[in-house]
Amino acid sequence: MRIREAIVGAALSLAAPSPVFSEESKVQNHPYLGMWITGDGHIRQELLPNGRYDEARGTRTSAYRGRYEVTGDHIEYWDDTGFTADGDFIDGVLHHGGMIFYRDGKKPE
């Protein structure tokens, strides 16, 4: 009887739904979180702690949105519209898409 109860219990636990974690629910934890701005202030990209980014261009807020992932000093982007991009953080500066972004728009001295 105990064997049967164990088998039934195991089957039920396998059938129980497991928690599903979306990419958006992952919390990013790195020193690059926050606002990154081009030298002219035209493009502003915010890296959010939930693994999402929000990019404004000129007066157009949220021009691009999507998810990102940082590994070491490298960043990968997956935009909600389907394109992908990447970049690298070098000496406190983000190099992405042929542009240079500074933390909060401040060029390092």
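This is a predicted model: local features need pLDDT of at least 70, side-chain atom pairs count only at pLDDT 80 or more; totals for chains, interfaces and linings use all residues.
Student: In what order do the strands close into a barrel?
Tutor: Two strands pair if DSSP finds at least two bridges between them. In this model 8 strands close into a barrel in the order β1-β2-β3-β4-β5-β6-β7-β8, with antiparallel pairing. Neighbouring strands of this sheet are turned by 30° against each other on average, direction ignored, where axes are lines fitted to C-alpha atoms (for helices over the stretch in contact) and angles run from 0 to 180 degrees between N-to-C directions.

Student: Which residues mark the pairing of β1 with β2 and of β3 with β4?
Tutor: Strand β1 (residues 34–38) runs antiparallel to strand β2 (residues 43–47), and 4 bridges join them; isoleucine 37 has arginine 44 in β2 as its bridge partner. Strand β3 (residues 52–57) pairs with strand β4 (residues 60–71) in the antiparallel sense over 5 bridges, and arginine 57 stands opposite arginine 60 in β4.

Student: Which glycine lies in the turn between β4 and β5?
Tutor: The hairpin of β4 and β5 has 2 residues between the strands, and glycine 72 in the turn has a positive phi of about 65°. The two strands pair in the antiparallel sense over 6 bridges, β5 being residues 74–79, and glycine 66 has aspartate 79 in β5 as its bridge partner. The hairpin of β3 and β4 also has 2 residues between its strands, with glycine 58 in the turn at a positive phi of about 60°.

Student: Which residues form the largest nonpolar core?
Tutor: A nonpolar core is a set of buried Ala, Val, Leu, Ile, Met, Phe, Trp, Tyr and Cys residues joined through side-chain atoms within 4.5 Å. The largest one has 12 residues: Tyr32, Trp36, Ile43, Leu47, Tyr53, Tyr68, Val70, Ile75, Tyr77, Phe89, Leu94 and Phe101. To this core β2, β4 and β5 each supply at least two residues.

Student: Is leucine 47 buried or exposed?
Tutor: Buried means under 20% relative accessible area, exposed over 50%, and partly exposed in between (1.4 Å probe, protein chains only). Leucine 47 counts as buried because its relative accessibility is 1%, and its place is in strand β2. Contact means heavy atoms within 4.5 Å; leaving aside neighbours within four places in sequence, leucine 47 is in contact with residues including Tyr32, Trp36, Tyr53 and Phe89. The C-alpha atoms of leucine 47 and tryptophan 36 are separated by 7.8 Å, although the residues are 11 apart along the chain.

Student: Where is histidine 95, and what does it touch?
Tutor: Histidine 95 is in strand β7 (residues 93–96) and is partly exposed, with a relative accessible area of 31%. Not counting residues up to four places away in sequence, histidine 95 touches Gly87, Asp88, Ile90 and Ile100.

Terms used:
Residues are numbered from 1 along each chain as its sequence is written. Side-chain values use heavy atoms; hydrogens and water are left out.
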